[in-house]
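Here is a friendly walk through one protein chain, from its overall make-up to a few side-chain pairs. Please keep the viewer open while you read.

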Amino acid sequence: MKLIKTIAISATMIFSSAAFAHSGLIESSPAKNEMLQGSPQALALTFSSPVRLVKLTLKDGAGDDIKFGFKPNMQSSKKFSLDLPQLSPSSYSVNWMIMGEDAHKMKGKFGFMVHEVMAKATEHDHASHSHD
C-alpha cells in the first residue's frame, strides 16, 4: 500500500510540473480586449518560451476571416509579429495554436476592437470655441 501511495504522489508531481512547463501567451499587441482608435499596423504575440506558431486566424465581428499572410513556420521563437491589412471598425477575434518544444499543443484566443478614427477638429470647430 505504501508503494502505491509513493507511485501516485510521484506521478502527480511529475505531471503537475510538466503542466507548469508549457508555454503560454504572455503579451499581445493589440492587447486582449483593447479598444483601438484606428487600425493596428501589426499583430504581435509573445510567449513565455520558444514555440512554433502552427495556426493563427483573425476574424471580424461577422465571423469573416481576415487574410494577413500567416504561414506556419518550423522555427521556434518567443515573439511573432505579422503585418495587418487596414482593418475597418469592428470587433476582432484572434485564435492561435502553438507547439512547444515538447510537442505539446496549446491554443488560445483573445479579442480587440477597432473604432472609427475620431475626425480632426475643423477650423469651424476652433472658431466656435474661440476665447476672444
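A residue counts as buried when its relative accessible area is under 20%, as exposed when that area is over 50%, and as partly exposed in between. In this predicted model, buried residues make up 27% of the 132 residues in the chain.

**Overall make-up**

The chain has two helices and six strands. Followed along the sequence, these elements come in the pattern α-β-β-β-β-β-β-α. Contacts give a view of how the chain folds back on itself: of those between residues at least 6 apart in sequence, 62% join residues at least 24 apart. As for the surface, the chain exposes about 9,500 Å², and carbon and sulfur atoms supply 58% of this area.

**Aromatic pairs**

A pair of aromatic rings is described by the distance of the centres and the angle of the planes.

| Pair | Geometry | Centre to centre | Angle between planes |
|---|---|---|---|
| F47 and F80 | edge-to-face | 6.1 Å | 75 degrees |
| Y92 and F112 | stacked | 5.5 Å | 20 degrees |

Take F47 and F80 to begin with. F47 lies in strand 3 (residues 42-59) and F80 in strand 4 (residues 77-83), so their pair ties together parts that are 33 residues apart in sequence. Both F47 and F80 are buried.

Now to Y92 and F112. Y92 belongs to strand 5 (residues 90-100) and F112 to strand 6 (residues 105-115), so this pair ties together parts that are 20 residues apart in sequence. Y92 and F112 are buried as well.

The angles explain the two labels: planes under 30 degrees apart count as stacked, and planes over 60 degrees apart count as edge-to-face. At 20 degrees, Y92 and F112 are stacked, whereas F47 and F80, at 75 degrees, are edge-to-face.

Which residues do ring pairs link into a cluster? They are F47, F80 and W96.

**A closer look at F80**

F80, in strand 4, has 15% relative accessibility and therefore counts as buried. Leaving out residues up to four places away in sequence, F80 touches L43, A44, L45, F47, V51 and L53.

S28 lies in strand 1 (residues 25-29). Is S28 buried or exposed? S28 is buried, because its relative accessible area is 14%. A polar atom of the S28 side chain lies 2.8 Å from the backbone oxygen of P30. Apart from neighbours within four places in sequence, S28 is in contact with A44, L45 and F110. A44 and L45 are also among the residues that F80 touches.

**The salt bridge**

The structure holds one salt bridge. K59 forms this bridge with D65, and the closest N and O atoms are 3.2 Å apart.

Notes
Residues are numbered from 1 along each chain as its sequence is written. This is a predicted model: local features need pLDDT of at least 70, side-chain atom pairs count only at pLDDT 80 or more; totals for chains, interfaces and linings use all residues. Side-chain values use heavy atoms; hydrogens and water are left out. Rings of Phe, Tyr and Trp (its six-membered ring) pair if their centres lie within 6.5 Å; planes under 30 degrees apart count as stacked, over 60 as edge-to-face and the rest as tilted. Helices (H or I, at least four residues) and strands (E, at least two) are DSSP runs, numbered from the N terminus. Buried means under 20% relative accessible area, exposed over 50%, partly exposed in between (1.4 Å probe, protein chains only). Contact means heavy atoms within 4.5 Å. Accessible areas come from the Shrake-Rupley method with a 1.4 Å probe; for residues, only the protein chains shown count as cover. A salt bridge is a side-chain nitrogen of Lys or Arg within 4 Å of a carboxyl oxygen of Asp or Glu. A polar contact is a pair of N or O atoms within 3.5 Å; within protein, one must be able to donate a hydrogen and the other to accept it, and residues adjacent in sequence count only if both atoms are side-chain atoms.
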